[in-house]
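Dear colleague,

I am passing on the structure below, followed by a summary of what was computed from it.

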2 protein chains.
Amino acid sequence: MVYQMNSGMTEDKVVVPSLKLRRVGIDTYKENVAYLHRDCPIYRSEGFQALSKIEIHIVSNGAPVIALLNVVDDDCITGLDELGLSEQVFRQLDKPEGTEVFISHATPPTSLQSVHLKIAGERLSYEQYLTIIQDIVDSRYSKIEIAAFLVGCAETGMEREEVLSLTRAMVNTGEKLDWGEHQVSDKHCIGGIPGNRTTMLVVPIVAAHGMLMPKTSSRAITSPAGTADTMEVLADVDHPQQKLRDILQKERAFIVWGGTAQLAPADDILIAVERPLSMDSSGQMVASILSKKIAAGATHLLIDIPVGPTAKIRNSSDALKLRKLFEYVGDKMGLHTEVVLTDGTQPIGRGVGPVLETMDIMKVLENAPDAPIDLREKALQLAGRIIEFDFDVRGGQGYVIARDIVESGRALAKMNAIIDAQGRNLTPLTLGKLHHDVIAPKSGIVTSIDNLRIASIARLAGAPLDSGAGVYLHKKRDERVQKGDTLFTIYAEFNADFNFAITAAEQEDGYQIDTDGATNE
Amino acid sequence: MVYQMNSGMTEDKVVVPSLKLRRVGIDTYKENVAYLHRDCPIYRSEGFQALSKIEIHIVSNGAPVIALLNVVDDDCITGLDELGLSEQVFRQLDKPEGTEVFISHATPPTSLQSVHLKIAGERLSYEQYLTIIQDIVDSRYSKIEIAAFLVGCAETGMEREEVLSLTRAMVNTGEKLDWGEHQVSDKHCIGGIPGNRTTMLVVPIVAAHGMLMPKTSSRAITSPAGTADTMEVLADVDHPQQKLRDILQKERAFIVWGGTAQLAPADDILIAVERPLSMDSSGQMVASILSKKIAAGATHLLIDIPVGPTAKIRNSSDALKLRKLFEYVGDKMGLHTEVVLTDGTQPIGRGVGPVLETMDIMKVLENAPDAPIDLREKALQLAGRIIEFDFDVRGGQGYVIARDIVESGRALAKMNAIIDAQGRNLTPLTLGKLHHDVIAPKSGIVTSIDNLRIASIARLAGAPLDSGAGVYLHKKRDERVQKGDTLFTIYAEFNADFNFAITAAEQEDGYQIDTDGATNE
């Protein structure tokens, strides 16, 4: 059978016989890959090449699906008359194995012309960003085309008007949640500070005040714990939309994993390329964060930017620029956005890793005497700022209200209600069975703790995959230590991880201790 | 068994149990891909992610091989205790199936820092380009990292000193041929003009003059024919090094495919990303061409830059800039480089496609009365310029010498000797069995012929894969046509291709015909 394409036909497309769909059990993450046998007549006659892009058509279905071609020499993977599809494409096409499909050379997306203009240093319009982002969402861009777009945006820098256009394009190419209330609060930290799990305190405090705060969080990718990983120690974090609405109606808040929703879907695709490239332009960061929040239905947003020598933002000048950009784009998008610059000079709290952080959080909620003061203070301040989004609260009163909510036990009660609504995890909190104390090599005062080093040691110990693994900091900045005191304890579940974390800590523990003229050495 | 890495160990690497090597019959072109089963204990415990980069280690072998990870759900592709490798990686690792290997997270190549500097607009040194290119040659860069490098270079533009550094780095990271003579001539056309097969005339003319001209050529990728495709109609073009040296000693020249040699290997890797991105910065073009020629042992090089509205270079200002860049880098690299700007306003010769172009070439060599004049003239001029590389030839005399060589039949004799030395293809020249005349819709004078359109129609007809497919131009620019005259004939082997090429020609045949006030309409 021969299939003549009748829409969007160009001279680069060819008439091809059909192939039978086959699912190939390979997960190619966010890149669509199709497999064609080297001896398949179509491969030879049509001049397809490995790594070229093809369009996959089904007769009854209009829009083709784009995939990268890999060539197969093994009938067990893809036969002569078959088109193999990686899990991603197979899901996207959503047809049974054996379905007749047709392939053609994919024409490059026309929006690539805009990418070339951006690379040449030109300013792009909202319409141009929209077509680029729509093509990216429709899987029409390969990884390298996405990389070209990102580098093009990073290099000449985007004007703030362009960041706004990009944000709007990312919102408008996905779903948008509506929680049915005129005020929906959210918070976001740009990350980089171990133990900084304020969200799990802010949400119950704000909800106890009666404000709506549906919180979707991410899992850790390069850090020792994400809010979703930590909340998962206490409760189920993966729920369908309807369940979320039920929880919200009852408790005014939830803390769940935001991974599956189609909110600003371009964001995940862009991040999958940004991360391996270590790209972190402020334009992309602002568009990424704000588009997700707007799509998630937020109307009021508090952004936490930690500043410190080992934080993501290293000085107040960079912090100020970033703050202005957040405010500009947020305002134009109709999202009430406030930005706070916070202390990012050391980890927050004492625990780093899902279980250890959960223990810190519960101590604060329970008003325990050994609750970490810095975590509590920061959470109260952030919660206070969000409470001031409430029209009835005077400016400056939020902190006191937040403190009352914690001290009265109402925050703990709300947290327990949220946990029960999401489904309490009945397994008790368990630390990794292996532990090792890292000792102060000399006496003096702790003058700094390296966020990156502590995060790295906690990850090596197994966090976040092993929820009980991580690091517990006995000493924080400005505290006095004696030689032989324990600086921090490493917890791990598995020997290999444990030894690796210890070795790393022995090489460099991240603590700076200044002797103070005393003779304790 | 557990393997503790002892060299280059960083905190991001982990201790892992071994896996058994397995060849997976998938061709991933110039990207290394490794396959790990989703339920493999290493996948889960070490936090590997699909599309993350891993290092593959063999105990007895120092340098690890880098690959992109795909996750497999099918034991038939890769079992629980196996590490699957795509054909590329398997060849690169060069160990039998079942060999014990270890994997670890790949640390990003340190030269990526230089790429980020380039993206930020800084000028890079030779040493920085060298480490980038060496890492690229060692497969340490993913496609997206290569794309970031290319876009970074394109956007801010490279200074000519940087193009020199890049060229030198590309030469110094591969093999370099030495033909044992002090003068080795070569030519190169930047491409884009259908039918422009002057190489197959220039080489026998220059060799008949006694000069050494070992010519390695490429196959067509986006054009209807490359020199290697066209020469293959007449002779075998794929030979081992020693055979090439034998041919050269006897005949002073050959025309072969250059695909397999490890000459400036970074070039092929960069091109594999540039092409799908449609990137064509002049810096990359100059570095790509000159590095290949220098690595191939050339001492004297003639560059052909066709200029015309549908050529790669569209105006003389761009041509001049490109010429200066070729001259600057060539001179600094010790390669005698001359650049000629040629007429690129229409296809050269009459045939477009391997067999059709071969027929044009043989007519010129045989001094046939219907030999295409423009192809003959251009070849004589280019050959003349190369003959003037000979110290004993006065400036301006090259053309006459070249013409004598053709008219005397010595060029034909030399071509036949080269063909015989390479192994004559005894199959007679055969045109595609299907043919269709494209007719002038009105009378007048042909004022332009679109290179891109003619190339596209010839490719649709099946060139270069079907060597007899293509287009034969009966009318060229400035010729008078009557309504109903044949402008060109399409040749094809297969019905589908044939119909597609005809449809494309009916939509737009690429000919501009201006009526001249006469009443022939």
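Two residues are taken to be in contact if their C-beta atoms, placed from the backbone, lie within 7 Å. On that basis, residues 24 or more positions apart account for 78% of the contacts in chain A with a separation of 6 or more.

This is a predicted model, in which local features need pLDDT of at least 70 and side-chain atom pairs count only at pLDDT 80 or more, while totals for chains, interfaces and linings use all residues. Residues are numbered from 1 along each chain as its sequence is written, and chains are lettered from A and ligands numbered from 1 in the order in which they are written.

Of the 521 residues of chain A, 55% are buried, a residue being buried if 20 or more other C-beta atoms, placed from the backbone, lie within 10 Å of its own. The C-alpha atoms of chain A occupy a box of roughly 85 × 55 × 50 Å along the principal axes.

The domain assignment, which is automatic or from a database, divides chain A into domain 1 (2–105), domain 2 (112–172), domain 3 (185–422) and domain 4 (434–514). Six residues of domain 1 of chain A are in contact with four residues of domain 2 of chain A.

As for the two copies, superposed by least squares on the C-alpha atoms of residues with pLDDT of at least 70 in both, chain A can be laid on chain B with an RMSD of 0.1 Å by a turn of 180° and a shift of 0.1 Å along the axis. That is the relation of a two-fold axis. Of the residues of chain A, A:Ile144 comes closest to the rotation axis, its C-alpha lying at 2.4 Å.

Best regards

How values were computed. A residue is buried if 20 or more other C-beta atoms lie within 10 Å of its own, exposed if 12 or fewer, and partly exposed in between; C-beta atoms are placed from the backbone.
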